[in-house]
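Work through the exercises below with the sequence and the model side by side, and try each task before reading its solution.

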Amino acid sequence: MRLSDETLLDIMARFQAEMQKGLGKDTNPTASVKMLPTFVRAIPDGSENGEFLSLDLGGSKFRVLKVQVSEEGKRNVQMESQFYPTPNEIIRGNGTELFEYVADCLADFMRTKELMQKKLPLGLTFSFPCKQTKLEEGVLLSWTKKFKARGVQGTDVVSSLTNAMRKHKQDLDVDILALVNDTVGTMMTCAYDDPYCEVGVIIGTGTNACYMEDMSNIELVEGDEGRMCINTEWGAFGDDGALEDIRTEFDRELDLGSLNPGKQLFEKMISGLYLGELVRLILLKMAKAGLLFGGEKSSALHIKGKIETRHVAAMEKYKEGLANTREILTDLGLEASEADCVAVQHVCTVVSFRSANLCAAALAAILTRLRENKKLVRLRTTVGMDGTLYKIHPQYPKRLHKVVRKLVPNCDVRFLLSESGSTKGAAMVTAVASRVQAQRKQIDKVLALFRLTREQLVGVRDKMRVELEYGLKRDTHPLATVKMLPTYVCGMPDGTEKGKFLALDLGGTNFRVLLVKIRSGRRSVRMYNKIFAIPLEIMQGTGEEVNAGQGVPRSEVPACHPIQCRPGMTAALSLQLFDHIVQCIADFLDYMGLKGAQLPLGFTFSFPCRQASIDKGTLIEWTKGFKATDCEGEDVVDMLREAIKRRNEFDLDIVAVVNDTVGTMMTCGYEDRNCEVGLIAGTGSNMCYMEEMRNIELVEGDEGKMCINTEWGGFGDNGCLDDIRTQYDKEVDEGSLNPGKQRYEKMTSGMYLGEIVRQILIDLTKQGLLFRGQISERLRTRGIFETKFLSQIESDRLALLQVRRILQQLGLDSTCEDSIVVKEVCGAVSRRAAELYGAGLAAIVEKRREDQGFEHLKITVGVDGTLYKLHPHFSRILQETVKELAPRCDVTFMLSEDGSGKGAALITAVAKRLQQARRENVKREQKLRSIQPQDEEALIAREPCRKLFMLKDSN
Ligand code: 0WK
Ligand code: 0WK
Ligand code: BGC
Ligand code: BGC
């Protein structure tokens, strides 16, 4: 039993290997040292407070306690406790009776302490190996020490105790929030006083240790962020034979006589339940060998468990050790000479010394692992200690400390005795758990606001359907919030389009000027484009900001726009946006060497425009980030034409103004003839589709189809979505450039999702649920939480660490818990947006199916927009929602690779072709009927499609 330093270092190394094995996902099942995750992720931080119940079962004494933890930095804990016996018939009887007994004791405690009916959270210290998947659960792997109740192994002791407590529901209203091992409770108790404490060791009836391990090393639990406490269950070290070389015949004999032979072999060489027995077996052998007591063998010496650890401790006391030994041997009915007593003392010392040495070797292995995890040369740490053997044995602590420090000289270890047992620690864990639970409830309450039920989504779909019809009907159109704007795009390109076209793409993230070359027949399109920025002050040009000087001088402003030219500044401003656009066109034409070429131009203008023809569009109102003055109510083509005139450098033939949804539909329709819907999920939110002329009451004619720009962003502006609008949506709307408008867009599009998240984070922080309740200046800054961050934060590949990094960049100092919550908030907001999009789209494809009287509709939707393109989950959730809410429509989603510029060019090409055709026709008819020139304009204006439509057929 004398273990040399080399042997101890070897045992230390073996234990290090065992720990690695236990932590490994593949090696854990065969590991003897189980390294059980405890789901305790942090030591107390002083914010714990409240009243808790605590049960301490498994050590030498069974205790029930009430613990009052108060914060306010006073860090004091009041405890009232009551011990209850643990009779053998209970702890070795039937499992159900065991838990009923525990529940009875708890009920008795509640009665004596007048705590009946108080709803108190409970922390259960259960000092046996339990497999946990969460804090409030523990499946007993195997009994140890004195316990052997039947039918408990392999079951969840938390639910067993909860069931047993139901019997007392009139007295007991207790919620078990946490199950912790006594080592964990001990570590937490000591950590409350010493934050360096990250290890807990019990050397009592049994022995065991826990410590804080890095999540990245715990393969059995998801996540790599932060740390979690691991209950090593080192008592089982050697159960796989790893310690056979140091186990003695006495160890084997003791094990065979134990309640759990072959198990807990390391514990059986160390802990209090066995130390006395080892001494007895040794003394018995020596007596049998005639080496002691003159070979006398008293019957007591043959009785198992007759010598207890308290006897060993007594015999090893410095002064009265010898006297105690004589007295104890006498009580055992042994005649002991002076020499016998010295020899017996010596046996005790050898046995208890080995115990301390073995503990020290395993503890040294843990300390080494901590030092390596932290990549430190020197580790400073504190080990929380408890257990009767460690507490009452006179020499034990000193010996243990000495050997530990010898084995790990590069660790400064403080040993801190847990004065009040592990229950205080268990209360801390429960306090953290109840705080986390309470926070979880509050967070779930907020997230629940964004969780739409199927019924709600069906409601949105049906309401959208009503609004669509509303917008199409002449008499309800004026009041419709979903404006259903005719676009005068009546046909899809047929491949005969050809030529060079300019296209402008304004309104999305980037402003683009494009040159599009379309070659007929092979349907090939080549594009060159340049991205230009639209400065904020131009997007939202307002009177004051820009001094007149900067604009074109008053005198130089040609009097072409009498209504617009208010004296002084404004003239300069409205000039601003369109002049800026023309500036960009000029740069592009320079860059492309196309200054002289009078190219036809298609203008993608991604805002709600009321059109009278393909090349006329009056801006109804700005949306998204635009607010330039003196544009709303104006014809954007005219404003562009005037700006081009003002610049007087080049001339363009603006043939068409289209919405980006229309451009997107056309771009995709060029490849897939089934594409009759265009969807934008980007900065803004909108959808267009090909509608039957007969349903479009605003435009003459019943033949064929015309594309309708729904402008569904305004859905809900009449309050029909208020049942699902949250306070956060209201806050975003109030802080937007166009309060009260575009409500559906503000719940779904890229410009606003980040803001919704920011509002939620502010609210959660105000409730103290995030960022330690501190609202940083950055968090108060509008627009700081861009939607791109949602896409990054929600990507599965991203570890929490990276989420924290993103939050750091936003000046938000977050804990890993904070990062988890932020990720959830982002997920809830983007999921709702995608589901709302799905509900809206389901309404339109269902309408198309019914309008065409199809049992099943096969349709393609052309999609564009950074939210749809870049968000990791948005497109999938949108598609699933459409499938769910429009099951009789087989919808294919086609991503628009080339943007709407191509579509705008195709529409321009079609418009140009039809323009030519019309001109030729008119000439032909003129010749035929010599009709008055002006009539045909009126004719065309009144029935744009039929004429054109007809034309196409005749070709
Ligand atoms: C006191 C702790 C208890 C632990 C016991 C271990 O409060 O949780 O189980 O120490 O020591 P023992 O009583 O087994 O000697
Ligand atoms: C790219 C299109 C453009 C549209 C934009 C929308 O070419 O017309 O406005 O997508 O997406 P966003 O850039 O707003 O995310
Ligand atoms: C148990 C451990 C416990 C230790 C100390 C061992 O028998 O397996 O869970 O921590 O005793 O009480
Ligand atoms: C505009 C739409 C546009 C959508 C997507 C909305 O704000 O009102 O016209 O299609 O954004 O860019």
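**Exercise 1. The surroundings of ligand 4**

How many Å separate an oxygen atom of ligand 4 from an N or O atom in the side chain of Asp 660?

Solution. The separation is 2.6 Å, which falls within the limit for a polar contact (a pair of N or O atoms within 3.5 Å; within protein, one must be able to donate a hydrogen and the other to accept it, and residues adjacent in sequence count only if both atoms are side-chain atoms). The protein covers 99% of the 310 Å² of accessible area that ligand 4 has on its own, where areas come from the Shrake-Rupley method with a 1.4 Å probe and, for residues, only the protein chains shown count as cover.

Before going further, note that this is a predicted model, in which local features need pLDDT of at least 70, side-chain atom pairs count only at pLDDT 80 or more, and totals for chains, interfaces and linings use all residues. Residues are numbered from 1 along each chain as its sequence is written, chains are lettered from A and ligands numbered from 1 in the order in which they are written, and side-chain values use heavy atoms, with hydrogens and water left out.

Finally, consider the whole shell, which holds 15 residues, with Thr 623, Asn 659, Asp 660, Glu 711 and Glu 745 as the closest; a residue is near a molecule if one of its heavy atoms lies within 4 Å of it. Helix α19 (660-669) and strand β23 (685-692) each supply at least two residues of this shell, helices (H or I, at least four residues) and strands (E, at least two) being DSSP runs numbered from the N terminus. By class, the shell has three nonpolar, eight polar and four charged residues, where Ala, Val, Leu, Ile, Met, Phe, Trp, Tyr, Cys and Pro count as nonpolar, Asp, Glu, Lys and Arg as charged, and the others, Gly among them, as polar.

**Exercise 2. The shells of ligands 1 and 2**

Describe which residues come nearest to ligand 2 and to ligand 1, and how far the protein covers each ligand.

Solution. Begin with ligand 2, which is surrounded by 14 residues, the closest being Asp 505, Thr 509, Thr 683, Thr 866 and Ser 900. The side chain of Asp 505 has an N or O atom 2.6 Å from an oxygen atom of ligand 2, and a polar side-chain atom of Thr 683 lies 2.5 Å from an oxygen atom of that ligand. Taken alone, ligand 2 exposes 370 Å², of which the protein buries 94%. Its shell divides into one nonpolar, nine polar and four charged residues.

Then turn to ligand 1, which has 15 residues around it, with Asp 56, Ser 60, Thr 205, Thr 388 and Ser 422 coming nearest. A polar side-chain atom of Thr 205 lies 2.6 Å from an oxygen atom of ligand 1, and the side chain of Asp 182 places an N or O atom 2.7 Å from a ligand oxygen. The protein covers 93% of the 370 Å² of accessible area that ligand 1 has on its own, and the shell consists of one nonpolar, 10 polar and four charged residues.

**Exercise 3. One side of a helix**

Explain why the buried residues of helix α6 lie on the same side of α6.

Solution. First list the residues of α6 (249-256) that are buried, namely Phe 250, Asp 251, Leu 254 and Asp 255; buried means under 20% relative accessible area, exposed over 50%, and partly exposed in between (1.4 Å probe, protein chains only). These residues cover an arc of only 135° around the axis, which puts them on the same side of α6, the arc being that of the directions from the helix axis to the C-beta atoms. An α-helix has 3.6 residues a turn, so residues three or four places apart point the same way. Last, find what they face: the buried residues of α6 pack against α7 (272-288) and α11 (338-373).

Notes. Contact = heavy atoms within 4.5 Å.
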